[in-house]
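Please go through the structure shown here alongside the notes that follow. They take up charged pairs, strands and helix packing in turn.

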Amino acid sequence: MKVNLRVPTTLADIPLHQYQRFIKTFENTDDMTEAYAGTKMLEIFCGLKTDETLQLKVKDLKTITNKLNIALSEKPLLITRFKIGGTEFGFVPQLDDLTFGEFVDIENNIGDWDNMHKAMSVLYRPITERIDSQYQIEEYRGDSWHDAMLNMPAAVAISAINFFFLLENDLLKVTLPYSSEATTDKAQDQKLTTLTDNGGGTTAL
């Protein structure tokens, strides 16, 4: 039996809704066999039914799953623009300009893959004006673009998540030394206070 199928070779070829389904399916792999994993990957990313997958040669199945695994292991840098149909979306140009409501919607959804498209609809919005690499985006309108984001490239969503992860790490690098410094200063102040309270004398050993 000859099977014609389209195999994604990069994360850009995989829509977000497929990636969400993949994450949900492979949440717990403790009891998952290699055969079942391969079958589910072809079902999710290539649209093959189980009986169609069973008709494939073992070597072909391994070739396809290897290509999928390579695509899924990509770690893209931040992608600021992409298109869905005829609409071009842009990443929020200035994160400092986010409203508190927008920030809450991101925080409530970006940690849950089932709701990742909702977080992405805050971070990426239709571009309303563009001059060279500079652009302006549409005002946030709640759930207006939730469904559209289900079809955004998974590469874009993952690039945004990686961006925030790096941003958080950079913030920690700045915050932790400052906290340590502040703790040291506080300890020194307490030590000076103790010495002052004791008359600044020395203790004989």
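**Salt bridges, sheet and helix packing**

Glu43 and Lys40 form a salt bridge, with 3.1 Å between the closest N and O atoms; a salt bridge here is a side-chain nitrogen of Lys or Arg within 4 Å of a carboxyl oxygen of Asp or Glu. The model is predicted, so local features need pLDDT of at least 70 and side-chain atom pairs count only at pLDDT 80 or more, while totals for chains, interfaces and linings use all residues. Residues are numbered from 1 along each chain as its sequence is written, and side-chain values use heavy atoms, with hydrogens and water left out.

**Salt bridges**

- By this rule there are seven salt bridges.
- Glu43 and Lys40 are three residues apart in helix 2 (residues 34-46), so about one helical turn separates them. Helices (H or I, at least four residues) and strands (E, at least two) are DSSP runs, numbered from the N terminus.
- Lys40 counts as buried at 15% relative accessibility, whereas Glu43 is partly exposed at 22%. Buried means under 20% relative accessible area, exposed over 50%, and partly exposed in between (1.4 Å probe, protein chains only).
- Asp114 and Lys24 meet through their side chains in a salt bridge of 3.5 Å, N to O. This pair links distant parts of the chain, 90 residues apart: Asp114 sits in the loop between helix 5 (100-109) and helix 6 (116-123), and Lys24 in helix 1 (residues 16-25).
- Both partners are partly exposed, Asp114 at 38% relative accessibility and Lys24 at 46%.
- The side chains of Glu88 and Arg130 form a salt bridge at 2.9 Å, N to O. Here too distant parts of the chain are linked, with Glu88 in strand 2 (residues 87-91) and Arg130 in strand 3 (residues 124-131), 42 residues apart.
- Arg130 is partly exposed, with a relative accessibility of 40%.
- Arg21, Lys40 and Glu43 belong to one network, joined by salt bridges that share partners.

- Four strands make up an open sheet in the order 1-2-3-4, with antiparallel pairing. Two strands pair if DSSP finds at least two bridges between them.
- Strand 1 (81-84) and strand 4 (134-137) are at the edges with a single partner strand each, so one side of each has no neighbour in the sheet.
- On average, neighbouring strands of this sheet are turned by 55° against each other, direction ignored. Axes are lines fitted to C-alpha atoms, for helices over the stretch in contact, and angles run from 0 to 180 degrees between N-to-C directions.
- Three bridges hold the antiparallel pairing of strand 2 and strand 3.
- Phe91 is placed opposite Tyr124 of strand 3.

- Helix 6 lies across strand 2 and strand 3, and runs at about 20° to strand 3.
- Helix 5 packs on helix 6 at an angle of about 150°, the axes being 8 Å apart. The two helices are therefore roughly antiparallel (angles under 35 degrees count as roughly parallel, over 145 as roughly antiparallel, 65 to 115 as roughly perpendicular and the rest as oblique).
- Glu102, Asp105, Ile106 and Asn109 of helix 5 meet Met116, Lys118, Ala119, Val122 and Leu123 of helix 6, where contact means heavy atoms within 4.5 Å.

**The segment before helix 1**

- Asn4 lies in the segment before helix 1 and is exposed, with a relative accessible area of 68%.
- Asn4 and Leu48 are 44 residues apart in sequence and 9.5 Å apart in space, C-alpha to C-alpha.
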